[in-house]
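Dear colleague,

I am passing on a structure for you to look through, and below it I have set out what was found. Please keep it open while you read.

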Amino acid sequence: MKNSAGNPEAPVFGVAAEFQCARDLYHAAEKIRDAGFRRWDVFSPFPIHGMDEAMGMKRSLLGKIVFLGGLTGFLTAVTLEFGPTSFLYPLIVAGKPTNLFTVPAFFPIMFELTILISAFTAVFGMLIMNGLPRLNHALFNWDRFKKVTEDKFFVAIEAGDPKFSERSVRDFLESLGGTNITTIHGD
Amino acid sequence: MSEQQTTFDYKHVGGRFLGLVAAALAAFAAIFFGAASNPDQFAFSYLFAFTFFFTICMGGLFWILVHHAVDAEWSVVVRRQMENIASMLLVMAILFIPLVFVAPRLWKWMSVPAGQDILLDEKWPYLTPWFFWLRAAFYFAFFVIASTWLRANSILQDKDGAPRYTVFNRKITFASLPLFAVCLTFSAIDWLMGLDYHWFSTMWGVYIFAGTALSSMCVLVLLITALRGAGYFGNVISMEHYHTMGKLMFAFTVFWAYIGFSQYMLIWYANIPEETVYFLRRNTESWQILSTALVVGHFFVPFLLLLPNPGKRKPAYLCGMAVWILLMHMLDIYVVVLPALHKAGVVVSWMDFACLAAIGCTLAAVFLKRLGDAPLWPLRDPRLPQSIALKN
């Protein structure tokens, strides 16, 4: 009798396996990476050092997006400060010049806007790239998965993976030392 | 090399040690004659060179204190070299002595009688010769005791690996951290801000500190690379450590710019004559060129070059950046000290270089002696394995 969780009528989300410690999970991840799977993930109660490498994850695109966000903030400040004060309506304050040499007064705003937009891009970009916020996840159909916030470690290979076939993935996870291998259905 | 070498072998230095000593003696002889012919130039050139090396040595102490205070893991492998750099503070205390003889030429307030300058009279309780020298003695006493003590405990731990040395050093650190901040701030105020006793800036101490931490991290990178080149630290220091040091170099480049700009902007914006005098002198005549070069070279160039990740993991690249930043730090101190003498514009004197050579060669020679005294890294620190296995 094969284990399954969720509504059996619903399409298969993927196959998940349970591991007992971080080291097992780490080595399992290395083998799954080497087997060439693409759509899969690991779940643990705490961050595991070096897991990115073990999973073969590339450097996130987020850094480049944040750079563009920061640039947007910087250019916004430059435009909004020099535009009105130097060109549209030059206003002399405390005897300071209204040309390029007034930049020290403008610099704090350029700095702050750069940081602000970078931070927003980082936070919201991270949420969007992670598909968050979401209300539910198919893995929550599996009761054992609740242990992921306590002391158990999980791997899930998704049905969307090009190399996915339920039977072979189950065998594969078993060969890695996973226990309680379960087919997860969506609902 | 099958067995990992843990102590420095002087075969790498050989006769160059005597060359360093000879160069130091020659440079000191030269500046001695220079001092006789142009004592003012000597006083300022020497203070410039002294401050440049003093900040580097103090940075070494700062990084040890941070290491112990936050119980750091990564820095265990490089800590002995930081301790070696900080132990040079004893030499700096001796090298301070020439300044005693030219003090009134540097710090003009010493020769202004009471009642002549109301601004000086207001500062009278602080700017009094006996208090000034007492403070200087206190700074050096603290710097020397703290750096020597921390290093001695660290070396004792190499023998038996007892964790109590780590705990004890942490206690020394907690007592030292506030003293370090106070001594660094007030030594910067006494010796550098005091060059113009009318002028003041509340950010002065932290401005000098920013250059201090940055420059000593650069020296550390160069030192570690030189030792690696000579065949040490084989499986101890990896690119991960370089990456961390590169990140700290980047962080303090930004910190220096942040502090430098904050100081400039507040003074520029408030426009109070008593405060603007500092920047007026440095932003006019030929000093303007050096000040602008400082903004570009000390901030924009290293900021852009250290920002991408890959460079920080290439020792050659990081060393190039370290040399560049050290040159910029030298320029920074030059623009702090020398305008107080050459008010009309830049006048480069041969004594600027001679003083750098004299102090630099002396320190290098003593440092080489120190290098061989103890193992190159804390061999039995309880955190050594974690430090070696560092992952960014």
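To begin with one residue, Ile48(A) touches Ala22(A), Leu25(A) and Tyr26(A), leaving aside residues up to four places away in sequence; two residues are in contact if their C-beta atoms, placed from the backbone, lie within 7 Å. Please bear in mind that this is a predicted model, in which local features need pLDDT of at least 70 and side-chain atom pairs count only at pLDDT 80 or more, while totals for chains, interfaces and linings use all residues. Residues are numbered from 1 along each chain as its sequence is written, and chains are lettered from A and ligands numbered from 1 in the order in which they are written.

Ile48(A) lies in the loop between strand 3 and helix 2 (51-54) of chain A, where helices (H or I, at least four residues) and strands (E, at least two) are DSSP runs numbered from the N terminus. Ile48(A) and Ile92(A) are 44 residues apart in sequence, yet 57 Å apart in space, C-alpha to C-alpha.

Turning to the sheet, 5 strands of chain A form an open sheet in the order 1-5-2-4-3, with mixed pairing; two strands pair if DSSP finds at least two bridges between them. The edge strands of chain A are strand 1 (4-5) and strand 3 (40-43), each of which pairs on one side only. Strand 1 of chain A is joined by 2 bridges to strand 5 (residues 179-185) of chain A, and the two run parallel. Within this part of the sheet, Ala5(A) stands opposite Ile184(A) in strand 5 of chain A.

There are also nonpolar cores, each a set of buried Ala, Val, Leu, Ile, Met, Phe, Trp, Tyr and Cys residues joined through C-beta atoms within 7 Å. The largest has 97 residues, and among those that touch the most other members are Phe48(B), Phe53(B) and Met217(B). Helix 2 (residues 39-69) of chain B gives the most to this core, with 19 residues. A second, separate core of 27 residues includes Tyr26(A), Ile32(A), Phe37(A) and Ala138(A).

With best wishes

How values were computed: Buried ≥ 20, exposed ≤ 12 C-beta atoms within 10 Å, placed from the backbone.
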